[in-house]
Every structure is written in structure tokens, then in C-alpha cells.
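Good morning, and thank you for coming. Please look at the structure on the screen while I speak about its side-chain contacts.

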Amino acid sequence: MPGTRPLVVLICLDFYELFQRVHAHLLSALQARSEICFAKTKSEALTYLTSTTRPNAVVVCDAAVSHPEYVDVLHHLVQYVQSGGTAVFAGAFSSFVRFWSLQSMFECAWGLPWRLGTYHSADYALNPRVKGLNIKELPKKYSMKAVTLAGVAPKALLYAEPRFLRKLSRGKDSSASKPTLEASVAFTKIGKGRLGYMGDVNGEVSTTAVVLAMCFHWSSHAPIAPGSGVLALPPRSVLIVSLEKAPFMDEQYEQLYRAVRRNAMLVEVQNEHAAIEALSATPPPSSVLVSDGAITHSKHSRLLDRLVDFARAGGRVVLGVHFSNTISPANGKPFFRKWGLNWDYGEYHRTTFQLNPRGVPPPLNEEALFPSMSAKAVHLRNVPVEDAVYLPASDARVQSHVFAATPITGSRAQQTPGAFTRVSAGYLGYIGDVNAEHESIRLTIEMLGVPINPGDLGPKTVITGMSFRPGGHREVSTSIEEEIPLPTWRAQIAQQTQVVQPRPRELEVTARSEQRARTRAEKQAHGDALKDEGNILFRREQWVEAAVKYHAAAFAVGPQPAYMTNLAAALLKLNLWEIADSAASRALVQEPTNVKALYRRALARKGLSRFAAAEADLQRLLQLDRSNQMARSELTAVRQAKAKECSYDWPGDESLKDNKNATAEEPLELEEESDSEDFKHMPNASPCKAYNHDGCPQGTNCRFRHGPDGKSVRDELGRNVCIYWLVGECRFGDDRCVYAHDKTYLPKHGWWTKTQRLNRICKEFEDAVLAAPRLGVSEKILAEALKPVPWRLDMWAYGGYAEAAMIQADRDAADKEAEEVFAQFRAAHPSSGPVGEDEREALAEEWPEDEDGDELSPWERDVDESGENYGGHTEADYHEMLMYGIKPWDADAMDDLEAIRRAMNNL
């Protein structure tokens, strides 16, 4: 019965079948003692690691979690262990982990100095001084072929060669800051949990007992979630239909985009097919914004019919942005008749307006709107007064530099720049403003039914002047216009009757803020200087040195987009595609519309043969900058490569083709790292309750943690606020929780305010649970799973670029040599089919001698080169061995393969 035995999750993302064959003894033993669940995909792994129903232990069966495409799986694995779980790297992990990946993973993700040791067979002995395990039932010594770890601390060393244990017994390396011991098996404490490593590559029987001991050590348990988890809220979703989108629309309406993205799911489409597909989705969008007048053209009549049906079924359709000034007045009346309305186009001028004295049309909230505004608008006439949102003010006059300021009276006073009415079960809205006035943007958002908070619109860039120089050069001057606060009725009354009181600890917040600002300015100057040094080195084509400078700048200030895009450029020059992808992706987290980051990430993904992902990035870029010829040329090249070459898609790449909208998800603000003693005070994994509530009198002498962790966010007072209380429900309550339960001093736009992103993650989790339900088990997503992956876990953050560049250069040289060999052979021996045995022999005969006088054919050279990656075998032999369950790393592997081949031939 589910839940009666401990749950052990086996993460097998690359070599599921190999693990089952080679490590069958371990699998059988685990099944006898626990409930086993395999995670064979990224989605399954994330679901098990982020569920409120947590495993007792996790066995990582191959090296995929060390690869960049699974960085979020690794992040949540670390969180799971830090909260009290147990993870063991075993199975095929040591056989397939790459040198660079292993070192960067242990250093960046786990904070451990573990690095790759040697690979050999030996007798390994048990260290009796290891902590945290019941070693009575473990073998005192056994033989294995293992990939060892160097840099393992004595208390974490479980099995090692006797010579290392003798060295340890004599007191050497027992207190070294950088231990030189090598371990075939290691086991250490991480936070509140435990991490194990098994280097055995052959699945020895004795290894099973060791792995079981690590999985079920004395203090092993399934970590208990601090709260009940989080459910996805039914999000509002907004569809923008831009059939003839103006190139300046994103810039002109940046406040509209920003506010909607912060509070709803936003998708923009630019053709009729995509619009109809979005309207037919399940569930359909909550509201639709039609941004231009192309919808009135006869060729789009099918889409118009769908929009009318959408509104009549209960949806909201708003005609705004550039709709009013891109529709022909003659098309106005026929268009509105489609909706069953008598509305028609009226006059076009600027004047002052006020909210309808009779009240705004329901369900609009007049407190979400400005009481008056001045706007240049295309008015509507024949609108019933109860459907008008704004009407000309009683003293309104035409505002013009050309025409006289005539009063607006009579029937002209009944025309409206904004109307909203019911259409069957839904609504239709119209905004006639042509200049993106602040007040009309508020009206658009309210018509869409999206509630927003102060500050959600943010600042706006306004063009204040333009001049033209000789040669046609244009100079534009701009200024920043801050968001205009909404003067709600309650706020107006409050301003008249009382003075707004500052927050209780405002002086403390101000002092901390001023200190942070000074420190930030110093860091910024240092970071910019490093970036400038990197730019000089880049121009000198010293790519590695430039990358090191950009990396240092990011660590000094934080991974700002300018540093990350420059770093990506340097890494691309070194052909370090995965690391360049990581750097560009980090830039896009903070600035999703960064054209340089999109272009450079596309180049990196093309280099990785991730053609679907590269294509999606370039299409997003061209939405932002249609005139970018480099991106357009690269998009053509990517599509050609996609048609001719084999793609290597990462998990989720295929879904990117459905999410190419550059404004689909808003940027995330990074949590700023502090230089304060409190931020760095982390003597252990247990948070200090006193510090997070009323202040800790012990200061730096406190034995508990003052710094941030995965279950909290930092506020302006330096306190750690509980994220379960913030986005879900904390089971400890206000008084018992070790974290603060107070939003007063939190940043306004932290990740917990990004409704669209939170709901996307929750929905993905719920879909994964429905796809593979566990009988009798209720699962919700952990609140900490919603916290963004820290940038220090990114692949670029590890550094080591010189070493990585050297490895990559060797690979590139080998690839180039192989290509030249085959090109020469094909030129001399044209063939339409694959290279056969006769061609191999011919190529071997024609190949010249090497420097030592020995003939090496390309096939022999291929064996030599592939031997480095395939244990001394050709790639074909290597995979054939795996198919038959033979361990390629065994000395007699080839003999076993030949015996099987002979047996197969005799059948």
C-alpha cells in the first residue's frame, strides 16, 4: 500500500536501460526495502523533488543532472538535501560524468571541493571514522573498479585505498584545508541532509550494501514541508491581436505591456491563424485586446466572427492601442453592426474629459480610473450614455494649435472617447485615445479585467525632441516619465484628512538603503572597470582573458545583462556553446527583450544543434527588431541546418515553437546580495528565529543562521520572510515560524509578485502529477520550488574558461581532421551510400604514413580518437556492448562481445 514503505526516487535521465542491466542487484535490493519510482524525464524529476510528498532518498543513476540542460533539476536536488533529504550519486553516474561538469557541479551547487580523481581497479577499505552511517554491516574491504574523488575531507571519506587510510591514521590530512585524500565512496552532511557518492562502475554486489546504507542511514527521513504547498490560481489571460503591428508599439505602450505581464498571462499574435488558434484554446483567454484596425478588413471576416462569438460566450474584447487611428471611418458603422451595436465614428480632436457623471458602465471600477483626463481621441457617437466611460467635461473646449478653442456642446458633448457595453454574456470596449495617455492605459487595463497595483505600470520613455543632422542622421532626445499615481477617492480623502505615517522602522530602512547604495556604487564602478578591461582584451582577440574579466565583473556586481551579453560573445569565440547559452540566458532572465542576448543565445544553440530553440530565439528577436538583417540571415541558416542536420533538442525545446512571443513573461529582479555580516552569518542550516522577528542580541556570536536560504526572501530590514506564508500557507503560524511573517518591508516587485510565472510553474507541476499519479497520494508543489534558480548555480558561474577552451579546441581539431579525411576520400571515391568495408580498405591503403612511419588509416585514427571517449572501443562497438549488457570499461569487454557475435552467427 502506498505510503507504508519509504519512497526512493531513482533519477535516470540518460541511461535507464543500462542502469537496469548493470545495476540489477542494487535495483532488486531497493525494491525489496522501499517503494521505487523512476524519474526518466526532466518533468518527472522536478515533480518528485518539488512535491509536498517527499522521498526518503534519491539515487542519481547517471550523469545527466550535471549537464546544463538539467540545471533546475540539480538546483531542486540540492534544496531537497539541504532540507533534510538524502541523495546518492551511484549507478552509472561515475561512468559517464565529465571532468569539467563534475567539478563545476560539486563546487557551485554543493559547495564542496570534490574533484575527479583517478580511474582504476583496487582494493578499497572502509574508513571506521566516517560520520553519520551504521558501518557494522558494511564490508571492511572489497575490490572494485572505480572513478575516485579527490579533495574529500577525512570525515566524509567512506572507502579509500589502505594507503590513504594509513596516512589518515598517522594524522596526515586530518586537518588540511585542501585534503589530498582520494575516495571511491564518500558521504557528507549538506545542510540538514546527507550526500553520497559511489565510484564503482561495475555494480559489485558489495556496492549494493554500501548504497543501501547511505540511503537508509541513521537519520534518514523524508523531509517535511513547512507548509501545505501551493496550488495554481486560475490566472487571467490576455490575448493581444496585432495583425498590422506598428514597429513602435512596444515602446509606446511599454507601460501597458509591463502592467499586464505582472498580473496576467499575456500572449500576442500577429496573424489570423494564430489568433483563431488562441481563441480556440482550452481554456480560452479571459480577454482580448485588438490593437489595430486590420480586423475590419474583409479578409479577416472569419477572425471577426470568432471574436464576436468569443464575446457573446462571456469573454471581453477591447478595441484599443492603435485601433482608432488605423480604421477607416467608413468601416466604423458596418463593423459595430457585427456586434449588434449602433455605434459609429465621430469627431477627432483633443479635449478634456471626465468620468461619466451617471457612473461608469458595470463591471468597471471607477476607483481604478482617473476622474479626468486630456486626450486626443477618435470619438464615438450614437453610444447610449450609460455605456460611456468618459464624456467631455462641462467646460470642455477643442484644444488645437490650428482651430479655434470652441466649446463642446450639444450632440458633440455626447460623443465619447471610451465606451464599454455588454454583448450577450460578454463585453466590448473601445478606447479612442491615439497617444497612449497614462489615463487611457489605465482604462484599457480595467476593460481587460486585470487588477493592478501601484507601481505596476512603471516609468515610460518619452521623446522630447528630434533633430536631423547633415547626411540624414537623426538625433532623438528622451526623458523618463514616472508612473502617475492613481488618485482614488479614498486616497484623496486620506490626503485631505491625515498625513501618511511612515513605516515603524523607516529610519532603519533608510539607513540600510543608503549604505547599500554607497556599496552598490563602489561595486558598480569596479564592475564597469573590469568590463572595460574585458572589452580591450576582446578587441585584441584574447577571448579567454576577456571572458575572465566579464566573469569577474558579474561576481563583483551581479550578473547584469551588459556583463552577461559580453561574456556570451567571448564564449562564442571559444566555441563554448553550452556556457555561452548559460550566460545569455541569465541576461534574458532580467531583460527578456535584450536583442544582443537573444542573438548570442541563438548562435550558441545553433552550435549545440538545438535548432528549434535557436529558431525560437531569432523569431522573438525579429519581433522586437524587424530590421535586424543579421538575425534574419541567421534564421535562414538555422532553418537550413535544421532541414539537413540532426537536431539535439534539450528538454522543453520543442515547446518553444509555441512560445516565441518576446513579451510573454516579464523580467525577474534578482535578490541583491549584501556585504553585511548578517547576510554572511551562516554557522549552520538552522535559521535564527530571534533575528527574523525582533532582532538577535547575540549578533555574530549567534550559533544560528542569519543569512538567507531557500525557504525565505530577504526584506529591506535584512529579515528572512517565510515564502510558505508569502505564496502559500505556513503550517507553523506567525508565532512559531522561525521566519518573519510580514510584507511591510519587502521589495514591491519581487519574484513572488509575478503571477504569470508562478501559475505557469504550478500548472506544469499539476499536469505532471496528473500524467503519473501515485495511488492514494495527494501532492502539491513546494513553495520553495517557485523561487528562481540562483545565478551562482549557472554553468557560466563556475569559470575555468581556459581549461574548457582547451578541451573544446581539441575536440574541434579532431572533428575538423575527420571532416577533411572524409572529404578527401569522397572526392577520390564518389559514393551515394554510406562508407562500406571496401571503401574502408581503399581509404586505409591510400592513407599516408605518420611521422613514425606507421600507417594510420582514418578508421584506425577514428578508433584511437573514439577510444578516449568510448573506453578504447569504436563508438559502434561501444553501443553494441551496452545493448548486450556488457560493461565497456571491463578488460574482457571485447572478448565478451566477440563471443556473443559468434553465438548469434550460429543461431
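Predicted model: local features only at pLDDT ≥ 70, side-chain atom pairs only at ≥ 80, totals over all residues.

Residues are numbered from 1 along each chain as its sequence is written, and side-chain values use heavy atoms, with hydrogens and water left out.

Let me turn to the aromatic rings. A pair of aromatic rings is described by the distance of the centres and the angle of the planes. Rings of Phe, Tyr and Trp (for Trp, its six-membered ring) pair if their centres lie within 6.5 Å; planes under 30 degrees apart are called stacked, those over 60 edge-to-face, and the rest tilted. By this rule there are 22 aromatic pairs. In one of them, the ring centres of Phe-19 and Phe-38 are 6.4 Å apart and the planes stand at 70°, so this pair is edge-to-face. Phe-19 belongs to helix α1 (residues 16-22) and Phe-38 to strand β2 (residues 35-39), so the pair ties together parts that are 19 residues apart in sequence. Here helices (H or I, at least four residues) and strands (E, at least two) are DSSP runs, numbered from the N terminus. Phe-38 is also buried, because its relative accessibility is 17%.

What is the arrangement of Phe-89 and Phe-93? Their aromatic pair is tilted, with 4.6 Å from centre to centre and 45° between the planes. Phe-89 is buried at 0% relative accessibility, and Phe-93 is buried with a relative accessible area of 0%. Elsewhere, ring pairs link Phe-323, Phe-335, Phe-336, Trp-339, Trp-343, Tyr-345 and Tyr-430 into a cluster.

Next come the charged side chains. Side chains of opposite charge can pair when their charged atoms come close. A salt bridge is a side-chain nitrogen of Lys or Arg within 4 Å of a carboxyl oxygen of Asp or Glu, and a search of the whole structure finds 25 of them. One joins Glu-347 and Arg-412, at 3.1 Å from N to O. Glu-347 lies in strand β15 (residues 344-355), while Arg-412 lies in the loop between β17 (388-392) and β18 (418-423), so the pair ties together parts that are 65 residues apart in sequence. Glu-347 is partly exposed, with a relative accessible area of 27%, and Arg-412 is partly exposed at 26%.

Which residue forms a salt bridge with Asp-581? The partner is Arg-610, and the closest N and O atoms are 2.9 Å apart. Asp-581 is buried at 5% relative accessibility, as is Arg-610 with a relative accessible area of 3%. Both residues are part of a network of salt bridges that links Asp-581, Arg-601, Arg-605, Arg-610 and Asp-617.

Finally, Arg-610 has a further contact: its charged end sits over the ring of Trp-650, 3.8 Å from the centre. A charge sits over a ring if NZ of Lys or CZ of Arg is within 6 Å of the ring centre and within 35 degrees of the ring normal. Lys-743 likewise lies over the face of Trp-725, at 5.8 Å from the ring centre.

Terms used
Buried < 20%, exposed > 50% of the residue type's maximum accessible area, 1.4 Å probe, protein only.
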